[in-house]
Structures are given as C-alpha cells and as structure tokens.
Amino acid sequence: MAQALLRLFRSPVWAPRALKENILGKHLSTFSPLYKDQALHGKKSELKRRMKAEKKAAEKEAKQKDQNEKTQKPEAEVVDEESLDPNQYYKIRTQAIQQLKGTKDDPYPHKFHVQMSLTEFIEKYNGLQVGDHLEEVVTVAGRVHAKRISGAKLIFYDLRGEGMKLQVMANSKFYKSEEEFFAVNNKLRRGDIIGAYADYHDLMEITEKLLSGMVKHITGAYKVTYHPEGPEGPAQEIDFTPPFRRISMVHELEKVLGKKLPPTDQLDTEETRKFLDDIAVEKGVECPPPRTTARLLDKLVGEFLEVTCINPTFICDHPQIMSPLAKWHRSEKGLTERFELFVMKKEICNAYTELNDPIRQKELFEDQAKAKAAGDDEAMFIDDNFCTALEYGLPPTAGWGMGIDRLTMFLTDSNNIKEVLLFPAMKPEDNKKEPSQDSGTSV
C-alpha cells in the first residue's frame, strides 16, 4: 500500500479517518472537517446525525474496497524456497520440471556437448588475473551445489565435479537481454546437474576403438580365426576392422521380412501384437507363452537378424517395450537409444543412453510388473530404490556392459565357455562317496 500523505492544519481539526490509497490509486477516503466551535457547542442531535453519517460512509467504503479486491487480479506469489520443507520443495520442483517436458528446454536432454572437464578448465585458466576477460565460450558440466543471488542482475553458482569446484558468475550484461537472463537462471536450482558426458553414439565409437584396438594389439591384425564347433570343425574368420556394421532393429527387420511393420509409436497396441504373432506363425518362429509384443520381437530378431552378425554388428534402436531402462529415442517415438553388439551370432555387449527421468522410469517398471504378472519371466520388478536414486539426479549419460567371457572365447578360439571362466559352475558329482560314519573318534 502506498503510504498516505497527511497534511495537518491548525484549523480546522480533521476527523480521525486516515487518507488511504491503494497501489492503483483507486480508493481515496473522503474528509469531513469538524470545526472546534461545532465540536464543542453543537447540539446532541446534530452530533448523532454526524456519527450516523460517518458510520454509513465507512460501511460503504469498506464494501466498495471488498468488491474491488475481488475483481482485481492477484499478484504472483513469491515463494521463498529456502523456507520450504523437503516435501513442499519436491512438489514445487516436480511441477516445474513436468512443465518443461516436451519444450525446447527439456529437463532431461539426451546430450550436452562438454568441451572440457572441470579439472582441465581450472588448469587452463588458473593463470588469469583479477579483471582479465577472455572472449571465449567454453562448455563444462557438473552439479550445482550452491546458488547465491547478489542483486537483481548478478548470480553466483558453485559447480562441482571430479572432486573440483568452479564458481560461475551469471551477469545480465553478458546476455542478449534481461528477459533471457531471467529465463535461463530461473530454471536452475541448487542440486541440479548441468551437462552430459556420453550417449549411446559415443559408446558405439568407444566400443569400436576398444575392441578393434585390443584385437590388433593381441593378435597383430584385425582378423581372427574361430572354430565354433571345436578344433575339428570348420573355421570361421571374424573381422574386427572398424567401423563395425550398424543396423536399426525395426527397420532392418522390415527389410528382411519384406513387410511394413506398424508405426513405432504403436508398438504397444494389441493390433501390433497380433500382427507380429501372425508373422511368427507364418515364418514358423517359435515363441512360448506369453506371446507378448516384446517376446515376439525378440524371437523374430533372433531368427532373422542375429544370425547374420558374424563380424561385429551393432543392432540399434530397440523398442521401448523391450528396453525399460533405456532412454527414449530423440527422433523416433516408441524406440530407445540402445544397442547390442553381436559377434558370431552371440551378444557380447549391451548399452544405452540412460533413462534418467524418475517419473517415466516408474511408469515403465509398472508396465514390466504387469507383464511379469501375466507370465513373462524375463520382465522386471518395480525397483523403488532405483527410482528414488534417480530423483537425486543422474546426468545425461550412457551405460555399458560387456560379456568378457564370450569375447575371450573368440580371441582364444575356445568353443566352450567353461574353458575361459576362472570359476566355472560345475555339475554336482552324483557318485561322490559320503564320508564314513565310522571314521574318526567320538568324544
């Protein structure tokens, strides 16, 4: 409320009602001057009449004020986040994140290209003196451990990662406009993770370099000879020369089958399941119950795609219904950013861009639980602890796993996995003699 301005005069004496004005300047109370001689010598009836008029005017003013307050648009409430308890903050932050989904400011991006680590950044620019300014744009990544506001147009962030701390200053004068400054910095909070380190494209390149380089270092060449049926059987050459072959699962399956599959964003429908079921019957592909879409796709891929993977081949972009832990594909709805590497028809590597949205992850776990309840033994349970961990924040990244034992089989020309396992699981010895009951001494 704007502070009222009172002007005092020696005479007349003003009635004890303050001058009031709201922020829009619409309400102004009336003045009723009472002169000394009237106040001291007026008649009793006249005084009552005045008091009644004053009361009526006050009631009218209060009624008018109440109506105006109801019609006016309320101002946006400013929330002090530091005063909120964890549950309140979680609710507000979750709502804000949900509103950003599907926009250009997706809170769960697939990749942010980081130019250098925090360690490299500090080493490179540690020699700068106070006041030095370089016209360079550098992208780094880390977690925001603190956000401090210093005035309306200056914000300081403490960015941490790799055991290092970097202070970042956000100054409005370095932005295109004040609107951009507020739009960018209002989205960031303490605890947020900024930046990403790798996606499944990066891991495919890493995998190629790792395997091809290792094979050449061990054998002296990119090609190895393998006897899948044992030393006496036919020999097969495996070529690890990069780049490895890459095929998209659904699109390659369409080519091999000579059939157009339903759109990838409709793979979870009953129509699609029936379509794949009919193909499996037509092609003679066995699939024990339950004949779900995920299981039918897996059997078809094994029958028509995996058998073609003699040299290292990446089978990529699995449907979401087959990959509950993988992140959705950035350009093809219904698919994920996942790959499996096959060599000699065997899977030796599985990797994907990590799904780091806890709400979406919980939904996929629930779908998996329904599939398991329907009889799919390969479906997953709901992992509440994993979803809780994701709520603390996982940077856009990718996960990777490799079957070292299978790779070792190919490099050592071993056709039995037990030959390369340090501690193989052995069958129990049924004819093992029980220790004699008579041996030893009783005490």
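Student: Among contacts in the chain between residues at least 6 apart in sequence, what percentage join residues at least 24 apart?

Tutor: This is a predicted model, in which local features need pLDDT of at least 70 and side-chain atom pairs count only at pLDDT 80 or more, while totals for chains, interfaces and linings use all residues. Residues are numbered from 1 along each chain as its sequence is written, and side-chain values use heavy atoms, with hydrogens and water left out. A contact means heavy atoms within 4.5 Å. Among contacts between residues at least 6 apart in sequence, the share joining residues at least 24 apart is 56%.

Student: What pLDDT does the chain average?

Tutor: pLDDT is the predictor's confidence in each residue, from 0 to 100. In this chain 78% of the residues score at least 70, and the average is 82.

Student: How many contacts beyond near neighbours in sequence does the stretch 439–443 have?

Tutor: Over residues 70–78 the pLDDT is below 50, and that stretch has two contacts beyond near neighbours in sequence. Over residues 439–443 the pLDDT is also below 50, and the number of such contacts is zero.

Student: How many strands are in the chain?

Tutor: Helices (H or I, at least four residues) and strands (E, at least two) are DSSP runs, numbered from the N terminus. The chain has twelve helices, and its strands number 13.

Student: In what order do the strands of the five-strand open sheet lie?

Tutor: Two strands pair if DSSP finds at least two bridges between them. The edge strands, each pairing on one side only, are β9 (245–248) and β13 (398–402). The pairing in this sheet is mixed, and the order is β9-β10-β11-β12-β13.

Student: Which residue is the bridge partner of Arg246 in β10?

Tutor: β9 and β10 (residues 313–316) run parallel and are joined by four bridges. In β10, the partner of Arg246 is Phe314.

Student: How many of the residues of β11 are buried?

Tutor: Buried means under 20% relative accessible area, exposed over 50%, and partly exposed in between (1.4 Å probe, protein chains only). On one side of β11, Arg338, Glu340 and Phe342 are buried, and on the other Phe339, Leu341 and Val343 are buried. In a regular strand the side chains alternate between the two faces of the sheet. The count for β11 is six of six.

Student: In the four-strand open sheet, which residue in β5 stands opposite Asp158?

Tutor: The order of this sheet is β5-β4-β3-β6, with antiparallel pairing. β4 (residues 154–161) pairs with β5 over eight bridges.

Student: What angle does α5 make with β4?

Tutor: Axes are lines fitted to C-alpha atoms, for helices over the stretch in contact, and angles run from 0 to 180 degrees between N-to-C directions. Helix α4 (residues 118–125) lies across β4 and β5, at about 75° to β5. Helix α5 (residues 178–185) packs on the sheet, touching β3 (142–149), β4 and β5, and its angle with β4 is about 40°.

Student: At what angle do the axes of α8 and α9 cross?

Tutor: Two packed helices are described by the angle between their axes and the distance between the axes. Residues of α8 including Leu276 and Ile279 meet residues of α9 including Leu297 and Leu300. The axes of α8 (residues 270–283) and α9 (residues 293–304) come within 9 Å and cross at roughly 35°.

Student: What is omega for the peptide bond joining Pro289 and Pro290?

Tutor: Pro290 lies in the loop between α8 and α9. The bond from Pro242 to Pro243 is cis, with omega near -5°. The bond joining Pro289 and Pro290 is cis, and omega is about 0°.
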